[in-house]
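Here are my notes on the model below. They are set out as numbered points, by topic.

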Amino acid sequence: MGSTVEVLNAIAFGFLAFVVLRLRRRQGDVPSAWLSATFGTLGAVIVSGLFLPDNPGGVAGLVVLKALVVLIVLYPYFLYRFTAAFTPPPKSLERAAQLVTAAGLVATLVVPRLPGANDPRPVWFEIYVLGIVAQWAFLGGVVSLRLWRAGTGQPTVTRRRMRMLAVGALLLIVAILPGALPANDQPGLVQDVTKALPAVAALFFLIGFVPPAWLRMVWRRRESAALRTAEVELMGVVTAREVAAVLLPHVARIFGTSGALLVSEDGRPKASHGLTDMEALELAVPLRSLQVREPLIIDGNPAVLALPLRDGWLAVPATPFTPFFGAEEISLLTGLGIFTDIALERAELFAREREARRTIEQANTELETLVYGVSHDLKSPLITLLGYLEYLRIDHADRLNDEGRYFIERMGASAEYMQALIQDLLELSRIGRVQTEPSDVDLSGLVAEVSEAARARHPALVVAADALPTVRMNAVRARQLFTNLIENAARHGGRPDVCIRISAHGGPHGRTEVSVADDGVGIPEPYRERVFGVFERLEARDSTSAGTGMGLAICRKIVEQVGGEMRIAPATSGTDLRMTLPLVAVSPTDAPTVEANR
């Protein structure tokens with residue numbers, strides 16, 4: 001039985017052989033086949049060495065020793081074939097690898113005997129050993145160099161795994177170099193280090209093939225940070241074009257590729273980064289009519305690493321090493337694909353909402369234009385009608401009896417009512433259609449002026465106002481708003497001495513609520529929303545002095561133009577009309593309480 005270090009080496013390479021055999025079963029590709037041959041061979045040699053005597057005698061012993069040496073000669077060639085399975089090497093290198101391996105095999109078969117560790121070593125055996133060591137050094141060096149170079153430009157986890165394999169191959173070369181000297185000529189420290197190096201190399205190989213989860217997380221820190229950056233930026237975009245512009249550069253950077261591509265469901269390029277039109281088209285071709293809807297690597301020229309999205313694919317060019325080392329890349333792409341789907345869905349919803357809003361705005365504009373045009377067209381015949389009625393009243397009054405004069409008065413009142421309706425329709429259509437500049441409006445001063453003007457028409461009216469805020473809105477609309485509200489309360493209060501109180505207080509969510517309350521007859525609860533409709537009146541339809549039924553509709557539209565709301569609050573008596581104004585439209589004031597028309 002061998003020493004402790006030799007047992008440790010046997011355990012390490014036995015476990016490594018078990019790992020690569022499982023890798024072969026899981027992946028089933030050419031590189032994993034060569035890999036299982038490589039470490040199956042080396043593991044068999046190291047484990048068998050534990051049970052062989054130092055100087056096996058006889059023909060059987062020589063055959064066993066030569067068989068083990070043949071496996072040792074084949075190990076670096078199998079490892080070389082593993083790297084060649086990804087990218088074909090130059091023909092000259094391929095021929096050199098085959099030549100040195102064949103020479104080592106032939107030399108092993110023809111040597112007459114293999115001296116033991118403590119036996120004298122003839123010159124021909126020294127030359128033979130140097131040849132085997134040179135074969136290992138040459139092929140192992142080629143493998144290390146190819147793996148190290150191939151890792152350049154790869155995602156971090158893939159690069160680190162490939163370079164771990166490169167270091168492992170290099171350590172085995174270092175471990176075999178002292179074999180060119182007899183054991184008696186080697187210092188003790190060199191012998192100890194040489195014996196321990198295979199176990200260290202096995203550790204590097206294991207990390208390269210199956211790195212632990214915590215180490216993967218450490219290696220992926222840069223990609224994870226880039227992934228989080230991409231996710232944050234995707235949260236702020238609202239169009240599919242912006243999603244592609246933000247996403248694709250991050251994808252290319254994370255995967256170390258020349259570009260990235262968004263592909264439609266039918267395999268047509270939708271957006272690309274870092275790729276020419278021809279390159280994008282070639283990359284998208286393998287995805288056409290693809291039935292599989294899962295992350296996958298498509299071999300081809302070029303190879304493609306693709307992730308299915310809700311309505312297409314996210315694709316990046318794949319390197320020859322991606323099928324073997326691509327598990328981490330697929331994991332990264334999957335995480336990014338979830339946020340891509342969310343961002344694309346949000347962009348689609350935003351586009352639909354924007355289109356719906358544009359359609360509604362267009363319909364409202366057309367309706368307002370129609371109302372405006374019809375109102376103007378109706379004014380002309382009404383003016384003519386009122387003119388002829390005035391002629392009848394002045395020039396032909398003596399020819400009319402009382403009934404005729406009554407009919408003329410009713411016709412005139414109806415025509416004037418119609419004229420008021422048209423004027424209100426015009427006013428309603430102008431709100432929102434005609435752009436007006438906002439300014440700071442002191443509601444306390446405005447209410448005092450409007451109340452003073454209302455006294456001429458309603459001498460018994462009482463208006464009391466608390467300290468009111470300053471509102472940021474069009475001054476003309478603000479005057480129109482409070483004029484309509486005070487006139488509405490005075491006209492429909494049910495008695496001449498109606499009292500109106502106007503106050504303001506803080507509302508929910510940082511808003512300000514302005515109240516215009518009166519002690520009149522009030523509005524029944526079933527009608528409190530209807531009165532805001534156009535042509536809605538509580539009085540009889542034949543009452544021509546009751547207004548046009550559009551005053552509150554105009555008021556609500558004015559308030560909504562500054563982002564506010566208007567409603568009628570429940571009240572024990574009278575009417576309490578509330579306007580909720582957003583915080584951005586209101587600034588505080590220290591104006592004193594105002595009482596007018598008492």
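1. Arg 578 first. Arg 578 is buried, with a relative accessible area of 18%. Buried means under 20% relative accessible area, exposed over 50%, and partly exposed in between (1.4 Å probe, protein chains only). The side chain of Arg 578 meets that of Glu 513 in a salt bridge (2.8 Å, N to O). The term stands for a side-chain nitrogen of Lys or Arg within 4 Å of a carboxyl oxygen of Asp or Glu. Arg 578 sits in strand S12 (residues 575-581) and Glu 513 in strand S10 (residues 512-518), so the pair links distant parts of the chain, 65 residues apart. Helices (H or I, at least four residues) and strands (E, at least two) are DSSP runs, numbered from the N terminus. Glu 513 also counts as buried, at 8% relative accessibility. Glu 513, Arg 567, Asp 576 and Arg 578 are linked in a network of salt bridges.

2. Basis of the model. This is a predicted model, with residues numbered from 1 along each chain as its sequence is written. Local features need pLDDT of at least 70, side-chain atom pairs count only at pLDDT 80 or more, totals for chains, interfaces and linings use all residues, and side-chain values use heavy atoms, with hydrogens and water left out.

3. Other salt bridges. The structure holds 19. One of them joins Asp 466 and Arg 501 (2.8 Å, N to O). Asp 466 lies in the loop between S7 and strand S8 (470-473) and Arg 501 in strand S9 (residues 499-506), so this pair ties together parts 35 residues apart in sequence. Both are partly exposed: Asp 466 at 25% relative accessibility, Arg 501 at 38%. Glu 390 and Arg 393 meet at 2.6 Å, N to O. These two are three residues apart in helix H13, and therefore separated by about one helical turn.

4. Cores. What is the size of the largest nonpolar core, and which residues have the most contacts inside it? It has 53 residues, and Phe 39, Phe 205 and Phe 209 have the most contacts inside it. A nonpolar core is a set of buried Ala, Val, Leu, Ile, Met, Phe, Trp, Tyr and Cys residues joined through side-chain atoms within 4.5 Å. Among the helices that each supply at least two residues of this core are H1 (4-27), H2 (30-49) and H7 (188-209). A second, separate core of 37 residues includes Ala 465, Met 473, Ala 490 and Val 559. Ala 465 is found in strand S7 (residues 462-465) and is buried at 1% relative accessible area.

5. Strand S5. Seven of the seven residues of S5 (residues 312-318) are buried. Strand S4 (residues 303-309) runs antiparallel to S5, joined by seven bridges. Two strands pair if DSSP finds at least two bridges between them. S4 and S5 form a hairpin with two residues between them. Strand S1 (residues 260-264) is also antiparallel to S5, through four bridges. Leu 262 has Leu 314 as its bridge partner in S5.

6. Surface. Leu 367, Leu 370, Val 374, Leu 378 and Met 418 form a nonpolar patch, with about 410 Å² of accessible area together. Patches are made of residues with over 30% relative accessible area and no salt bridge: like charges are joined within 9 Å, nonpolar side chains (Val, Leu, Ile, Met, Phe, Trp, Tyr) within 5 Å. Accessible areas come from the Shrake-Rupley method with a 1.4 Å probe; for residues, only the protein chains shown count as cover. Helix H13 (residues 327-395) gives the largest share of the patch, four residues.
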